[in-house]
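Me: I would like to learn how to read salt bridges and helices in a model. Please start with the general idea each time.

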Amino acid sequence: MRHIIFGGDGFVGRHLAPKLITDGEEVVVADIVKSDLAHYRNARFVHCDVTDPAAIAAVGIKADDMVYNLSAKMLSPLQVRAKRHDFFFPVNYYGTENIIKAMDHAAAPRLVHYTTDMIYGHTVTHPMTEEHPVAPLGEYGWSKQKTEELAAEWRTRGMNISLFRPRLIIGPGRLGILEKLFKLIDWNLPVPMIGSGKNPYQFISVFDCAEAARLAWKAGVPNEAYNLGSLNPPPVRKLLGDLVKHAGSKSILLPTPGWAVKRTLDLLDLMNMPIMDPEQYLIADEECVLDVSKGGRQLGWVPQYRDEDMLIAAYKEYRAKKDGLAASTQHAPAE
């Protein structure tokens with residue numbers, strides 16, 4: 001079988017492609033850039049901008065192809081309020097629509113598509129199952145939620161579309177907002193927490209994300225949505241405390257009144273001086289833990305990586321680069 005991965009040179013795709021190649025599958029990576037990755041010896045690359053229907057048509061989707069959409073604009077780099085819609089929607093929504101229309105033209109019915117847990121917005125029930133109410137808090141979440149509505153429409157026309165809603169994905173090659181945290185720890189500065197830090201924080205490993213996509217294909221691409229997150233995430237203050245201890249830092253964890261920090265960040269956002277995206281800080285002190293048991297029941301997917309280990313591994317990579325002990329990992333493209 002041939003597997004076409006849109007956005008396949010990005011963060012998750014560069015781990016999914018080798019998995020499929022190891023399975024003996026034919027892989028086509030369609031992306032706007034081609035990095036120096038070992039698996040391109042066994043995979044075909046096609047330059048493709050998902051915002052351009054002609055570029056997608058040139059990929060040459062066939063009826064029996066398995067298609068994955070990993071193309072996306074992410075919350076990093078930060079965007080000012082006025083630019084967010086035009087930053088997220090062309091790739092996240094219209095790019096997805098272009099891919100699905102090209103699949104329909106080719107009579108290709110199977111798609112694995114990544115959205116985000118940000119579609120849920122504020123925590124209403126805990127833990128958050130796939131039936132949790134949907135109320136995105138910003139343009140990124142809305143751009144992804146609209147693709148889920150698109151998927152629901154095309155399912156009625158005979159497509160099989162598996163949706164994945166991951167928590168914050170971390171792994172080799174991506175730091176994002178974590179770089180600010182690591183700098184504070186390196187400089188022995190206080191590490192402010194939004195709220196008391198008693199609430200848990202959940203990551204998902206890029207390796208577990210890639211495996212989920214592979215298992216969805218193996219399971220026949222169910223018309224379902226699946227949460228992706230770690231198991232038993234620790235409280236924020238334990239997670240950060242373990243990291244500070246590992247780093248040998250003198251940083252202290254600083255609890256703050258969550259409401260006051262959020263109002264301050266809101267003000268900075270209104271002034272076009274964002275420090276964090278509202279979709280991140282507005283839920284930072286909530287019990288935002290995804291129930292991931294559905295993926296286990298239906299796909300046989302069980303996350304293998306603990307939050308503590310993922311965060312320390314990310315810090316080690318950061319330190320190795322800072323100390324010149326490792327070659328710089330190539331930037332994982334956002335689309």
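Reply: A salt bridge is a side-chain nitrogen of Lys or Arg within 4 Å of a carboxyl oxygen of Asp or Glu. This is a predicted model, in which local features need pLDDT of at least 70, side-chain atom pairs count only at pLDDT 80 or more, and totals for chains, interfaces and linings use all residues. Residues are numbered from 1 along each chain as its sequence is written, and side-chain values use heavy atoms, with hydrogens and water left out.

Me: How many salt bridges does a search of the whole structure find?

Reply: The search finds 22. In one of them, D242 pairs with K238, and their closest N and O atoms are 2.8 Å apart.

Me: By about how many helical turns are D242 and K238 separated?

Reply: An α-helix has 3.6 residues a turn, so residues three or four places apart point the same way. Helices are DSSP runs of H or I with at least four residues, strands are runs of E with at least two, and both are numbered from the N terminus. D242 and K238 are four residues apart in helix α7 (residues 236–247), so about one helical turn separates them.

Me: Is D269 buried or exposed?

Reply: Buried means under 20% relative accessible area, exposed over 50%, and partly exposed in between (1.4 Å probe, protein chains only). D269 has 0% relative accessibility and therefore counts as buried. D269 forms a salt bridge with R81, the closest N and O atoms being 2.6 Å apart. R81 lies in the loop between β4 (66–69) and α3, and D269 in helix α8 (residues 258–270), so the pair ties together parts 188 residues apart in sequence. R81 is partly exposed, at 41%.
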